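Welcome! Let's take a friendly walk through one protein chain, from its overall build down to a single residue. Have a look at the structure first, and then read on.

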Amino acid sequence: AKTRHFKWNVEYIHWSPDGEESVVMGINGQFPGPTIRANTGDTVAVHLTNKLHTEGVVIHWHGIRQIGTPWADGTAAISQCAINPGETFLYRFKVDKAGTYFYHGHYGMQRSAGLYGSLIVEVGEGEKEPFHYDGEFNLLLSDWWHKGSHEQEVDLSSNPLRWIGEPQTLLINGRGQYNCSLAAQFSKPPLSLCKLRGGEQYAPEILRVRPNKIYRLRVASTTALASLSLAIGGHKMVVVEADGNYVQPFSVQDMDIYSGESYSVLFKTDQDPTKNYWISINVRGREPKTPQGLTLLNYLPNSASKFPTSPPPIAPLWNDYNHSKSFSNKIFALMGSPKPPPQNHRRIILLNTQNKIDGYTKWAINNVSLVLPTTPYLGSIRYGINAFDAKPPPDNFPKDYDVLKQAPNSNSTYGNGVYLLKFNTTIDIILQNANALAKDVSEIHPWHLHGHDFWVLGYGEGKFSEKDVKNFNLKNPPLRNTAVIFPFGWTALRFVTDNPGVWAFHCHIEPHLHMGMGVVFAEGVHLVKKIPKEALACGLTGKMLMSNKHN
Ligand code: C2O
Ligand code: CU
């Protein structure tokens, strides 16, 4: 195993992700940030310097469990103090599990500003993937607004709420096309054909393949809002990995991917080799107002400028949730994967509602809308300062709450309390969806857990009840770090609190998180060793460090 060092500068740069010049958050002058590649067992050491001048920054390594290094999780106000302008922070952590991951900013709305990139962990020496392939590609999916992230943040924090609306462009590896299309003759509404020479920042990254080979396509979504459907024209895909865990292979024509999820699919280049094919991403789960994102599957030796003869694949209807559910329900752990403990010690039911607090539109969990404290939890709990609400948030919501009715919005509050989880116990989480503020509206929320993978025990409709427990899948539930709740439904998760630290659990939709849609778990924090000073140098832990110096 190796230690792989990276020197990164985070700064604002001018960039044209979709042909319109914007200010984006880049790393070492590029957008998206550089791809990290490592092998299982390696240590990744990112020396991150904040060159932003006027704001702090952190980077979260999404899907990496940070076993033994909770201070490297990169969540501002949770695992560390934001890195100040001019300062450097060392993220040093082990990548212990092969898979497709990514990283992104986790302070304010810096992910929406474009602070993200791919993190790929390949099997170590002597290890083998449980499938074969001849070549691989990596697609990092995102969505893009022309309005800057700071303005979006102000809009979302305003009374009345100014909703950010749908994205202007979908990006594949940071590349998309606005106001023109790669597949102009098929586009509706009609767009002109993009005049590209190939060197443009918004020119698509073309996938060049040879006939009759098997390719692995790694896909991860770091969208701020959009749920996506991905398809390769004319080609079947076999899903083999989800969130860094192997799954029982199954084949699909199109797949749903929610923000925070990653997959590997295999496809065979078994179609007419004299042709090229489209790869498309489309918005699902919200009424699409964004043109599809496209790139080309180029069968060599055809020229990449050879136009595919069939139109780009379109997605199933945006609100065909049965299609989405049937995809989710096909995902099972590969045989031989770790199984969940048969019993839980504690069950926490989390009701997801949209509420108004003093006229401001917020998201709340069991009536609490999360506002992060000024002293990060990890240091705060480790050193007994406990600079947050002493009362933990509730484990349940009132029995008579009707999840099918408009949120009554009676008594939601802001809070920053923590779920204190007993170390080495089994926790069940039931994510309960509900009606939002508008009538007959319930949204999709992809929930992401830091510090752990969890088993997805099942999905259900309406309000969760005790009798649903007997239908939990304890035989081969998939391990994931992100799971979605469908409109008016619930999702059941199980995990073991075996990783000392403080871990965020939140909706991965950036504006939802910003509006309070998250909770915080703490487990075994007394077991955490030597938190680096740089992670503590703010708030009350900062004061503690200063007074230690004087003594
Ligand atoms: Cu990828 Cu807390 O998020
Ligand atoms: Cu959400």
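## The overall build

The chain has five helices and 34 strands, where helices (H or I, at least four residues) and strands (E, at least two) are DSSP runs numbered from the N terminus. What you see is a predicted model, in which local features need pLDDT of at least 70, side-chain atom pairs count only at pLDDT 80 or more, and totals for chains, interfaces and linings use all residues. Residues are numbered from 1 along each chain as its sequence is written, while chains are lettered from A and ligands numbered from 1 in the order in which they are written.

How does the chain fill space? Along the principal axes, its C-alpha atoms occupy a box of roughly 70 × 55 × 55 Å.

Of the 551 residues, 50% are buried. A residue is buried if 20 or more other C-beta atoms lie within 10 Å of its own, exposed if 12 or fewer, and partly exposed in between, with C-beta atoms placed from the backbone.

Contacts are pairs of residues whose C-beta atoms, placed from the backbone, lie within 7 Å. Among contacts with a separation of 6 or more, 78% join residues 24 or more positions apart.

## Annotated domains

An unreviewed UniProt entry places "domain: Plastocyanin-like" at residues 10-122, 137-300 and 409-524. UniProt positions follow the numbering used here, feature names are shortened, and annotations may be inferred rather than shown by experiment.

Residues 10-122 are 0% helix and 43% strand, with end C-alpha atoms 26 Å apart. For residues 137-300, the figures are 5% helix, 45% strand and 15 Å.

## A closer look at strand β8

Strand β8 (residues 116-122) is largely enclosed by the rest of the structure, because six of its seven residues are buried. Two strands pair if DSSP finds at least two bridges between them. Strand β3 (residues 36-39) pairs with β8 in the parallel sense over four bridges, and A38 stands opposite V121. Strand β7 (residues 99-105) runs antiparallel to β8, joined by six bridges, and here Y101 stands opposite L119.

## Meeting N481

N481 sits in the loop between β30 (479-480) and β31 (482-485). Is N481 buried or exposed? N481 counts as buried, because it has 27 C-beta neighbours inside 10 Å. Leaving out residues up to four places away in sequence, N481 touches G63, D243, H448, L449 and D453.

Conventions: Two residues are in contact if their C-beta atoms, placed from the backbone, lie within 7 Å.
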